[in-house]
Amino acid sequence: MCLAIPARVISLESGDMAIVALEGIKKPVSTALLEEVTVGDYVLVHVGYALHKLSEEEAERTLQLMAEAGVLAEELEEMAGTSLEGAER
Amino acid sequence: MKYITEFRDGKLARKLARAIEREADPGRRYHLMEFCGGHTHAIFRYGVQDLVPENVQFVHGPGCPVCVLPVRRLDDAVELALGHDVILTTYGDMMRVPGTKQKSLIRAKAEGADIRMVYSTQDALKIARDNPDRQVVFFAIGFETTTPPTAVAILQARHEGLTNFSVFCNHVLTPPAIAHIVNAPAEPGETPVRIDGFLGPSHVSSVIGWAPYEPAARDFQKPVVIAGFEPLDVMQSALMLIRQINEGRHEVENQYTRVVTRDGNRKAQTLVAEVMEVRDAFEWRGLGTVPESALKIRAAYETFDAESRFALTPKQSREVKSCECPAILRGVKKPTECRLFGTVCTPENPMGACMVSSEGACAAYWTYGRKRGEAVRETAA
């Protein structure tokens, strides 16, 4: 019910509507809930409405933080040199 | 698929799993409640529970709108469709939920009621435009995510002068439900559910922002991390919660920064506030009556309120006997502890709402988890 899918805006239509594309599927959605929207924006689509714009910058940053969480942990592991995984190798 | 595939990457998942294993204190237990059915679904579909250490447990919360709607409101919808000769429009999720005596909307439809599934409130408006001689009611359910589209439809109906469109409003609010779960006394004979932190709602928060959870985090000293719905989001959020618990903090943190901000979607909030106001109290399946936990349509928009337009009769609504849906929604029981689970209650023949909705804990267990215990036992043997 609360699921929403990120899709790209490919054209703006009259009456607060836009066409979005996701994996080759095109669908009209209402943009009545957005302050502003432009072609090329990624929006979160929920029950036929664009609910929010997605921040590309923040998406990249999250992925980077996730990677760092793992990488940092692995470095610590190497420093400690006593983990089970180390022993198996 | 951009913004989806990247957040399902297996290598990153294993790295996050190792980080969780390292930071989770083996001497502690971490009971993390994922509020949303969307999280429950991701945890099961991607086997997240099996990627984290045994002392990190996910407790499934009540964030499935279909599941928390009390049977009386569903019976009211059935009455609207059968007794008031309206065209009842509804999201597909509601169709198969059993009401009193297992009467669902789909059964009412088989009895001749004009019930139509819609994808969007825009479709419901179109049905109203196309049928000017019929009353069209939209059966609105959902959390804050799904409320703005209902508000837009009402405003649009007024703008267009549609006199045959109304809404049966059942929209509910997340922060009061979280506070209620932490604060409510346990039911007689039940051990209260232990919760050390919350994975907060993704898309609800895209609308309301993360600030509304601050009172609950502060007053009940439980950390909240707003978490995206992809498996990596869930894992990173679990790690953030574990860190807060280890450090004795109880703050609201936001993992889902690509969508959620502190203030949320102001335009959506304004549209909802124009059309709706908070009810004094509302009944939830599982949680009982929760004060100020739902919305109703304001008097100024009364003509679009199905509850004022149609006289609904009081009724003696009853859940299916032995269905453990209410206890499962409180997080005190697992679906496998229900006598009906997997025997008489399956997705093909659901006895309770938690088996109908894909966000329901029973549906998630059935689809992804029912063999899980067996596989573990076989490996151990």
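1. In this predicted model, the centres of domain 1 of chain B and domain 2 of chain B, taken over C-alpha atoms, are separated by 20 Å. Domain 1 covers residues 1-320 of chain B, and domain 2 covers residues 325-380.

2. Contact between the two domains of chain B involves 32 residues of domain 1 and 28 residues of domain 2. The area buried between them is about 2,500 Å², with carbon and sulfur atoms giving 62%. Which three residues supply more than any others of the area that domain 1 of chain B buries against domain 2 of chain B? They are B:Phe44, B:His60 and B:Arg96, which supply 22% of that area.

3. Between domain 1 of chain B and domain 2 of chain B there is 1 salt bridge. Separately, a salt bridge joins the side chains of B:Glu190 and B:Arg330, at 2.6 Å from N to O.

4. On the side of domain 1 of chain B that touches domain 2 of chain B, at least two residues each come from α2 (37-45), α3 (48-51), β2 (56-63) and α4 (65-68) of chain B. The element that gives the most to this side is α2(B), with 6 residues. By class, the residues of this side of domain 1 are 14 nonpolar, 11 polar and 7 charged.

5. The next topic is the interface between the chains. Here 41 residues of chain A contact 48 residues of chain B. The two chains bury about 4,000 Å² between them, and 66% of this area comes from carbon and sulfur atoms.

6. How many salt bridges are counted between chain A and chain B? The count is 0. Polar contact, by contrast, is found across the interface of chain A and chain B in 14 residue pairs, both residues being at pLDDT 80 or more.

7. Several elements of chain A give two or more residues to the side that touches chain B: β1 (5-13), β3 (25-30), β4 (42-46), β5 (49-53) and α1 (56-80). Of the elements on this side of chain A, α1(A) gives the most, with 14 residues. The side of chain A that touches chain B is made up of 25 nonpolar, 7 polar and 9 charged residues.

Conventions:
Residues are numbered from 1 along each chain as its sequence is written. Chains are lettered from A and ligands numbered from 1 in the order in which they are written. This is a predicted model: local features need pLDDT of at least 70, side-chain atom pairs count only at pLDDT 80 or more; totals for chains, interfaces and linings use all residues. Side-chain values use heavy atoms; hydrogens and water are left out. Contact means heavy atoms within 4.5 Å. Buried area is the accessible area (1.4 Å probe) that two parts lose on being put together, summed over both. A salt bridge is a side-chain nitrogen of Lys or Arg within 4 Å of a carboxyl oxygen of Asp or Glu. A polar contact is a pair of N or O atoms within 3.5 Å; within protein, one must be able to donate a hydrogen and the other to accept it, and residues adjacent in sequence count only if both atoms are side-chain atoms. Helices (H or I, at least four residues) and strands (E, at least two) are DSSP runs, numbered from the N terminus. Ala, Val, Leu, Ile, Met, Phe, Trp, Tyr, Cys and Pro count as nonpolar, Asp, Glu, Lys and Arg as charged, and the others, Gly among them, as polar. Domain bounds come from an automatic or database domain assignment.
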